[in-house]
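Me: I am new to this structure and would like a close look at a single strand and its partners. After that, please carry on to whatever else can be described in detail.

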Amino acid sequence: MKEYDTMKLLYPITRRFTMQVLTYRLSIFGDFKHFAPTPENTIAWTQGFKDAGYELIPSVIQSPQAVIAVPFLTVQQGTVEKRMQFSSTDGSIIVRFLSERMDIEFTQGVSVQFDKYFVDSIPNARSLFSVALNLLKNTKGTRLAYFTDILIEEHKPNCFASLYSDNAGISLNNYEGEYIEWSHRFNKRITLDISQNKETINTILQLESGTLQTIMPTTGAQQVIKGLHVATDINTLAETAMERFDNNDALEFFTKAQEVFLDMLSQIMSKTV
């Protein structure tokens, strides 16, 4: 989506609502086990980010074991692995190199406005993704994912209640009252053309209205916000495990996934009083 198209779409939304982007994440899944946090990799990757204009601090993190729930028992499968992570000094940018995925994660921070975030930070995230994948020798991936987590504050009391009652609400036998809290989730499968190949895509949208407690990722300060929580997860199917996605495929997917996200967001706001 071109910049002016993005601004044209967002203007009627941002003029009425205050939005906070808590998380914006681009991910590629694949076999990255051999990219371990060795001294050689730490030095090379730190320099690689610096050469591309990113001052990121390296650290070693532990990749958690998979947890499998069985009757009367919780089983942890696999081993705890040490993996590499790079972060900006304010915590607003995180790059994770895990054994089965690589994440580029952005958070809004306290000084970034919502519209400027979409115009500036998202292209920056795509650029950072290209740099990170190049450091992984452009290993092809099996899956791609685009994730956003947004909080939209109420501009007046219960302004999101009608979004539920008018579109998916249950009348409770027509008892009088207001919807104080509600949630809604769906997964619709769509088709996107990625490098002239048709990919089946999970489009997961979760809405939650009510009093939301959150922590600002960059400051750690607690917030209580009354409004609408919008989480969007757009990803290729896990069942298709063939290694096929290169950097160009990933960037094309992220661009098209963002168009899907902004279209859904525009629809949500058009149904809000």
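**A strand and its two partners**

Reply: Strand β1, which covers residues 19–29, pairs with β7 in the antiparallel sense, and 6 bridges hold this pairing. The model is a predicted one, and what follows should be read as a description of that model.

Strand β7 itself spans residues 101–106 and is mostly covered, with 5 of its 6 residues buried. It has another partner in strand β6, residues 93–97; these two also run antiparallel and are joined by 5 bridges. Here I94 is the residue that stands opposite E105 in β7. The chain passes from β6 to β7 through a hairpin of 3 residues.

A helix can be described in the same way. Helix α2 is made of 13 residues, 39–51. From its first C-alpha to its last it reaches 18 Å, close to the 18 Å expected at 1.5 Å a residue. Four residues of α2 are buried, namely N41, W45, G48 and F49. They lie on the same side of α2 because they cover an arc of only 95° around the axis. The face turned away from that buried side carries the exposed residues P39, E40, I43 and D51.

I43 is 15 residues from P58 in sequence, while in space the two are 9.0 Å apart, C-alpha to C-alpha. Just after α2, G53 takes a positive phi of about 95°.

A search of the whole structure finds 1 cavity of 30 Å³ or more. The largest cavity holds about 40 Å³ of space. Its lining consists of 10 residues, and those that lie nearest its centre are E154, N158, Y179, I180 and S209. By type, the lining divides into 5 nonpolar, 3 polar and 2 charged residues.

Notes: Residues numbered from 1 in each chain as written. Predicted model: local features only at pLDDT ≥ 70, side-chain atom pairs only at ≥ 80, totals over all residues. Heavy atoms only, no water. Expected span 1.5 Å × (residues − 1). Buried < 20%, exposed > 50% of the residue type's maximum accessible area, 1.4 Å probe, protein only. Arc of directions from axis to C-beta. Pairing = 2+ DSSP bridges. 1 Å grid on protein atoms, 1.4 Å probe; cavity = no way out; pocket = protein on both sides within 12 Å on 5 of 7 lines; lining within 4 Å. Points joined across faces, edges and corners; volume = space filled by probe spheres on them. Nonpolar A, V, L, I, M, F, W, Y, C, P; charged D, E, K, R; others polar.
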